[in-house]
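Visitor: I have a chain here to go through. Can you walk me through the model?

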Amino acid sequence: MSVEVPPNSRFKGYQDFVVQELRMGVHNTRYRLERWVTPEGVSLIGQLPVEIGGVHFGPQLRAFILYQYHHAHVTQPLLLEQLQEWQIAISAGQLSALITDGHGEFHREKDALLQAGLQRSRYVHVDDTGARHQGKNGYCTHIGNERFAWFASTDSKSRINFLELLRAGHEAYTLNPAALAYLAEHQLPCAQLQALTALAPAVWTGQTAWQAVLAQQAITDPRHVRLVTEGALLGTVVARGAAPDLAILSDDAGQFDVLTHALCWIHAERVLAKLLGFNEPQRQALASVRSELWAIYDALKAYKEAPDALTAAAIEARFEKLCATRTGYASLDRALKRMRRNQEELLRVLQRPELPLHNNLSESDIRDYVKKRKISGSTRSESGRRCRDTFASLKKTCRKNGLSFWQYVQDRVFGWHRIAPLAQWIFEATPTGAKVPVHGP
């Protein structure tokens with residue numbers, strides 16, 4: 001709209017007013033490829049740009065589909081309806097293929113995250129949640145910390161399954177000092193332990209080779225087979241670069257009790273939070289115990305900032321006194337006895353002040369996966385299952401390193417590779433749990 005300018009007015013330049021807009025709609029490009037036939041009868045056809053990837057959907061559209069599905073949690077039917085309303089000629093089968101197929105580069109980058117994370121970390125958070133697949137119950141395990149997040153779906157959850165995941169895609173079974181120490185700690189019979197010690201150091205690759213070793217050593221008892229397999233898997237985890245004292249912070253699920261195990265205080269207190277006193281003395285006892293427990297928690301937080309031996313001893317004595325309390329409220333007393341059994345893992349921070357006191361990070365990371373599961377239901381194909389794990393891992397890791405997931409997806413789909421591999425971001429960061437030096441003025 002023009003403004004009537006009075007005579008003798010002076011022009012003072014321009015005032016900017018920026019309006020942001022988003023353009024949405026189909027944009028088709030027709031490539032005319034030269035066709036030649038050599039004197040020998042060989043057909044030659046011109047090449048498409050590399051970023052086209054030999055499909056009839058451009059890289060920007062493919063990146064948008066991946067972002068909408070894996071980041072915005074838009075379901076396939078809604079995404080298909082959206083694209084078709086924009087006049088994009090695409091079928092349900094084509095959309096499904098774009099979401100689940102041809103993502104080898106993404107899978108390889110996701111696979112590299114775990115080993116990088118384990119090698120550069122002093123601790124990791126772990127948790128699992130249900131993940132149905134092909135109509136059957138399954139589980140998704142999360143491993144991560146402030147620098148990375150890694151998800152993997154499997155049919156079961158056990159300590160062997162967890163250690164297989166920690167191997168980060170390798171198939172080796174390793175007998176080394178870490179493996180033998182594990183077997184000794186879990187009281188493998190002396191004869192078998194001595195026989196395996198005589199074999200060490202040794203590495204076997206693949207399930208078949210490992211079963212042959214067990215048969216050769218006459219290890220047939222189910223408990224002994226499980227124990228020796230766990231030890232060999234743990235040996236591989238350490239041999240691949242994980243710290244022998246890597247701390248595993250969990251909610252007290254038994255499968256995570258490996259390496260240096262630490263427990264979440266929030267989960268420990270939830271046992272008390274679920275109790276309801278049936279009379280006034282029980283309610284008062286419960287309130288007193290919970291109050292003292294949170295006071296110890298506050299003391300641990302302060303200790304992390306300024307650790308010293310005298311404070312550690314005082315906190316430990318205070319914790320033991322609390323757990324030794326007998327209130328006459330049977331459920332509360334059993335909860336206190338259980339906390340006493342878990343004292344070493346609950347007070348792990350007294351020896352390792354860098355460790356978190358709770359497992360909230362893992363629960364927060366896995367919540368996004370649960371949201372996706374609730375929206376889209378279970379996975380049906382192996383490629384779909386793997387893609388869900390891969391893109392959940394890449395998305396969360398991008399966030400933790402201050403990267404835009406949209407720019408990351410574009411970078412990989414277009415083949416620019418201006419953004420360094422995410423494993424490199426982890427390697428170049430300050431190791432998680434390491435003390436950052438404070439420089440004076």
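Guide: Start with a term. Buried means under 20% relative accessible area, exposed over 50%, and partly exposed in between, using a 1.4 Å probe and protein chains only. At 9%, Glu109 counts as buried.

Visitor: What sort of model is this, and how are residues numbered?

Guide: This is a predicted model: local features need pLDDT of at least 70, side-chain atom pairs count only at pLDDT 80 or more, and totals for chains, interfaces and linings use all residues. Residues are numbered from 1 along each chain as its sequence is written, and side-chain values use heavy atoms, with hydrogens and water left out.

Visitor: Back to Glu109. Which helix holds it?

Guide: Glu109 sits in helix α4, residues 104–119. Helices here are DSSP runs of H or I, at least four residues; strands are runs of E, at least two; both are numbered from the N terminus.

Visitor: What does the side chain of Glu109 make a polar contact with?

Guide: The side chain of Arg412, at 3.0 Å. A polar contact is a pair of N or O atoms within 3.5 Å; within protein, one must be able to donate a hydrogen and the other to accept it, and residues adjacent in sequence count only if both atoms are side-chain atoms.

Visitor: Which residues is Glu109 in contact with, leaving aside neighbours within four places?

Guide: Leu394, Tyr408, Arg412, Ala420, Pro421 and Leu422. Contact means heavy atoms within 4.5 Å.

Visitor: Zoom out. How many helices and strands?

Guide: The chain has 18 helices and nine strands. Buried residues make up 45% of its 441 residues.

Visitor: Thr154 next. Buried or exposed?

Guide: Buried, because its relative accessibility is 15%. Thr154 is in strand β5, residues 149–154. Its side chain joins that of Asn161 in a polar contact of 3.3 Å. Beyond four places in sequence, its contacts include Gly138, Tyr139 and Arg385.

Visitor: How about Ser376? Where is it found?

Guide: In helix α15, residues 360–376. Ser376 is partly exposed, at 27% relative accessible area. Leaving aside neighbours within four places, Ser376 is in contact with Tyr69, Thr75 and Arg388. From Leu188, Ser376 is 188 residues away in sequence and 45 Å away in space, C-alpha to C-alpha.

Visitor: Why flag that?

Guide: Because most peptide bonds are trans, and most residues other than glycine have a negative phi.

Visitor: Which phi value does His73 have?

Guide: Near 60 degrees, a positive value. His73 is in the loop between α1 (59–70) and α2 (76–85). His73 is buried, with a relative accessible area of 9%.

Visitor: And Leu259? What is its phi?

Guide: Near 50 degrees, also positive. Leu259 is in the loop between β8 (247–250) and β9 (260–263). At 23% relative accessibility, Leu259 counts as partly exposed.
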